[in-house]
Amino acid sequence: MKANCWYGKRDMRVVDVPDPTILNRHDAIVKVTSTAICGSELHLYNDFVPTMEQGDIMGHEFMGEIIEVGPAVKDRRVGDRVVVAFPISCGHCFFCKKELYSLCENSNPNAWMAEKLFGHSPAGIYGYSHLTGGFAGGQAEYVRVPFVDVGTVKIETGFTDEQVLFLSDIFPTGYMAAEQCNIQEGDTVAIWGCGPVGQFAIRSAFLLGAERVIAIDRFPERLHMARDGGADTINYEEADGYDLLMQVTGGRGPDSCIDAVGLEAHMPGPLYYYDRLKQAMMSESDRPIALRQAIMACRNGGTVSVPGVYGGMIDKMPMGAVMNKALTIKTGQTHAQHYFKPLLERIGKGEIDPSFVVTHRMKLADAPQGFDIFNRKEDGCIKIVMTP
Amino acid sequence: MDLTTSRSTLRQLHTHAARNGEPGTVTQTQEERLAKGLGWFGIGLGLMELVAPHQCARMAGLPSGHRPLIRVMGLREMASGFGIVTQSTSAAAVWSRVVGDMVDLACLSAAFLSRRADRSRLTTTLAAVVGATVLDVVTAQQLSRGVKTRNGAVRVTASTVIDRSREELYRFWREFSNLPRFMKHVRQVDIHDEQRSHWVAIGPAEARIEWDAQIIEDLPDEIIAWRSIDGAVIDQAGTVRFEPAIGNRGTVVTVDMEYRLPLGTVGAAVAAWFGKDPSQTVKMDLRRFKQIMETGDVITTKGQPAGREESTSWKYDRAVR
Ligand SMILES: [Zn+2]
Ligand SMILES: [Zn+2]
C-alpha cells in the first residue's frame, strides 16, 4: 500500500510499504477513506520531537471502513464505518475506566522512554514518534487499529467524511480545551492560536455558554475564520495582545485563557529570540511564549487551559503569577473517545458542522506538498484533508 | 508511618548476595557523592550570584552593568543544583548542568568582548567555569555509565498497580511456565516439582543461560519468593508480593530482585540485559504482566509496516521488550 512516511526534518515521502496485519487480539484493520494533517504533526515535520525514525508512517486523524477484525474484538464488525481516536486506549485500566483515555497505562510499548522524560507515560498515539509507542499512522491506504472496540466511533449514514473526520482529534481537542475552562454565564474566553484546534475551541466555548471569545493570531485568513465563528480577534503583530485584552476586559483580564499554540510559538520581541536561542542550544526544548502571555493576561482566579502540545522543558515559567493570581492550569492530550458520543450528537443536531475548517483537499500521494504549504501557512491553508 | 524506613526493611532480602556483602541500606557510590557535592556547590554559588550580583560581577571581572545577567545565571545555577541534590539518579541533572555551564561560558565570552570588562579577572572566571564544566562532564559520564552494583550484586525493585484481584495475579504468576509471556529474557521455565524449577534465559548474541531455582517462600495470594540453588551459574533471588491497593483499586504488585553477576561471558550477558538502568527491565516486565492481566495481550508494534528496509525498533527494544 501507499503511505506517507517521515524521513527527516521537512522530508516526507509517499512510498510503498507492506499492508498492515492484525498483531494483537483486539486489533482491526481499517481501509482509510479520509485522513487529515494535524497541526501537532508540524512539530514532527520540523523535527522538534525526538525518537522519530526514518520510514515512520504519519497521521493520527483518519477514518474508514473496517475490513478485518482480531479474535477478541466484540463490538465492531467488518464493514463498519468508523472514525478513529488519536490516542490508543485499552479500555480496561484505571485511567480508561475513568474515561481519561489519553492516559491509558497499557497502550504504549515504549512507556519506559516517556517515563524518563515525564515521570509517567501517556497513552500510545498513532504516527507520533516512538516515545508514544511508534504506532504506524493513518496517512496510508490501510491502518492497524489496536483496541478497536474502545478507539472508534461507528458512523451511521447521513454524514459526510468531512463532517465527522475531526472527531478523531481537533474537534474534541478544541472542545476539551473549552470544557476545562468551566465556562460560566457572562464569561470571556481568550484563545491564543487560530489554527484548527483554536477554531474548534472558539466554537466550543460558545457552545458551552461563553459570552465573548477573543482570538489571537497573526494570519488574516485564520482571524477571518475566527470572526466567522463569532470571535473578536487580535492580530498580535499589529497590537500588543496583553494591552488590548486588558482594555476590552476593563483591566480585569479574560476569565479563562486557552493556549492553542504549543511549543513552537511565535511572537515579536526579545523573549522569542531568547527561546529560539535556547532551543537551538538544546537547553530548552519548547518555546512557551503564548503560554507565558496567557498566564499573565488571565484574570485572578481564572483558568489557563493548554491543548497546545509541549514536549519537554520550558524556561521563565511565570509561576509567581500562577500562584499569586490563584490560577488553575488544566491541560492534557485529549481524551478523544470520551467526546465521541456527545459531539457526534451535536453534529447530528446541526449545532456545528466541523467541515467549516477544511481549506484544502488533496490526494494522499500529495501529502508532502500538503505538509509544506501547511507548515508555511501558504495559500490560506488551515486544514488539509486527503483521500487515498 | 515512616515510609523510608518501613520500605527498606520490607526489602531486606536474604539472598546469597546479601549474605556475602554488607546488609542494610545501599551505600552511596562515589559518583553520587561527587554529584551531590557539585549540586550543593551550585546552590551556594547561585545564591551568591542572586543576592550579591555586584560583588560577583566584580570578582568575575564583569562590567557592573551585568547584574541582571548574573542574577539569571544564579537562578539557573541554583535550579540545576536543586535538581542534582533532589534526584536519586542524577546523571540527567548533571548533564543539564553541563548545558547550563555552556550557556554561562557563552555569556562570559560575550562579556569578554565588552570594553569595560576586566580582562584578567574574566580570564580567571572563564578558567573556573571551564573547570566546573569539565568536572560536570566527568561526573555526568560516570553517572551515565553502567550498572550500579553493591559488592557485585545488582538489586532491583519495581511495582505496579493492576486492576485484578490478588488471587488472580498470584495464580497466574505461581504458574511459572507463564512467566516467559511477560519476562523479556526468560525463554522457558520447566517445573520440576512443587519447589524446584528449571529456568532458561536467552541473552544477547543468543547466549543461553540455564539454572535451577527453588521456591523459598510461598504464601498463597500474598507472596512468592525464589532463588537459584547453590552452584547455579547465575546467583539470583527474587520476591513478588501482592498487596491490596487502597481504595479498591486492585492489587499492588511489587518485585524485588537481586543478582550477583557471574564472571566471564555469562556475567557480561547478564549485565548487557540490564543495560544502564536495571530497574527498567523489571519495570517493563511488570508493565507487560499488567497488560496481560488487564487486556489479555502484550501490546506490540512488532511487524507493523514502515517505509524502511530494516527495522530500527531495536533502539527501543533493547533491554525492554
Ligand atoms: Zn493532532
Ligand atoms: Zn487503558
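**Arg218(A) is partly exposed, with 24% relative accessible area.** Here, buried means under 20% relative accessible area, exposed over 50%, and partly exposed in between (1.4 Å probe, protein chains only). The model is a predicted one: local features need pLDDT of at least 70, side-chain atom pairs count only at pLDDT 80 or more, and totals for chains, interfaces and linings use all residues. Residues are numbered from 1 along each chain as its sequence is written, chains are lettered from A and ligands numbered from 1 in the order in which they are written, and side-chain values use heavy atoms, leaving out hydrogens and water. The partner of Arg218(A) in a salt bridge is Glu237(A), with 3.5 Å between the closest N and O atoms. This pair joins distant parts of the chain, 19 residues apart: Glu237(A) sits in the loop between strand S13 (232–235) and helix H9 (241–248), Arg218(A) in the loop between strand S12 (212–217) and helix H8 (220–228). A salt bridge needs a side-chain nitrogen of Lys or Arg within 4 Å of a carboxyl oxygen of Asp or Glu. Helices (H or I, at least four residues) and strands (E, at least two) are DSSP runs, numbered from the N terminus. Glu237(A) is partly exposed too, at 46% relative accessibility.

**Asp255(A) and Arg299(A) form a salt bridge, with the closest N and O atoms 2.6 Å apart.** Asp255(A) lies in the loop between H9 and strand S14 (256–259) of chain A, and Arg299(A) in the loop between helix H11 (289–297) and strand S15 (303–306) of chain A, so the pair ties together parts 44 residues apart in sequence. Asp255(A) is buried, at 15% relative accessibility. Arg299(A) is partly exposed, at 23%.

**In chain B, Glu258(B) and Arg155(B) meet in a salt bridge of 3.2 Å, N to O.** Glu258(B) belongs to strand S7 (residues 251–260) and Arg155(B) to strand S1 (residues 153–162), so the pair ties together parts 103 residues apart in sequence. Glu258(B) is buried, with a relative accessible area of 2%. Arg155(B) is partly exposed, at 27%. Elsewhere, Glu105(A), Lys290(B) and Glu294(B) are joined into one network by salt bridges that share partners. Over all chains, the structure holds 25 salt bridges.

**Chain B meets chain A through 32 residues of chain B and 46 residues of chain A.** Contact means heavy atoms within 4.5 Å. About 3300 Å² is buried between the chains, 52% of it from carbon and sulfur atoms. That area is the accessible area (1.4 Å probe) that two parts lose on being put together, summed over both. There are 4 salt bridges between the chains. Lys97(A) and Asp163(B) form a salt bridge through their side chains (2.5 Å, N to O). On the side of chain B that touches chain A, helix H6 (91–112), helix H10 (278–295) and helix H11 (314–317) of chain B each supply at least two residues. H10(B) gives the most, with 8 residues.

**Helix H13 (residues 336–348) of chain A has a kink of about 35 degrees centred on Pro342(A).** The bend at a residue is the angle between axes fitted to the seven residues ending there and the seven starting there. The 13 residues of H13(A) reach 18 Å from the first C-alpha to the last, close to the 18 Å expected at 1.5 Å a residue. The expected span is 1.5 Å times one less than the number of residues. Buried residues of H13(A) include Tyr339(A), Phe340(A), Leu343(A) and Arg346(A). Just after H13(A), Gly350(A) has a positive phi of about 80 degrees.

**Helix H6 (residues 170–179) of chain A has 9 of its 10 residues buried, so it is largely enclosed by the rest of the structure.** Phe171(A), Tyr175(A) and Met176(A) are among the buried residues. The cover over the buried residues of H6(A) includes strand S5 (61–69), helix H7 (196–207) and H13 of chain A. In the loop between H6 and strand S11 (188–192) of chain A lies Asn182(A). Asn182(A) is not a glycine, yet its phi is positive, at about 50 degrees. Asn182(A) is exposed, at 53% relative accessibility.
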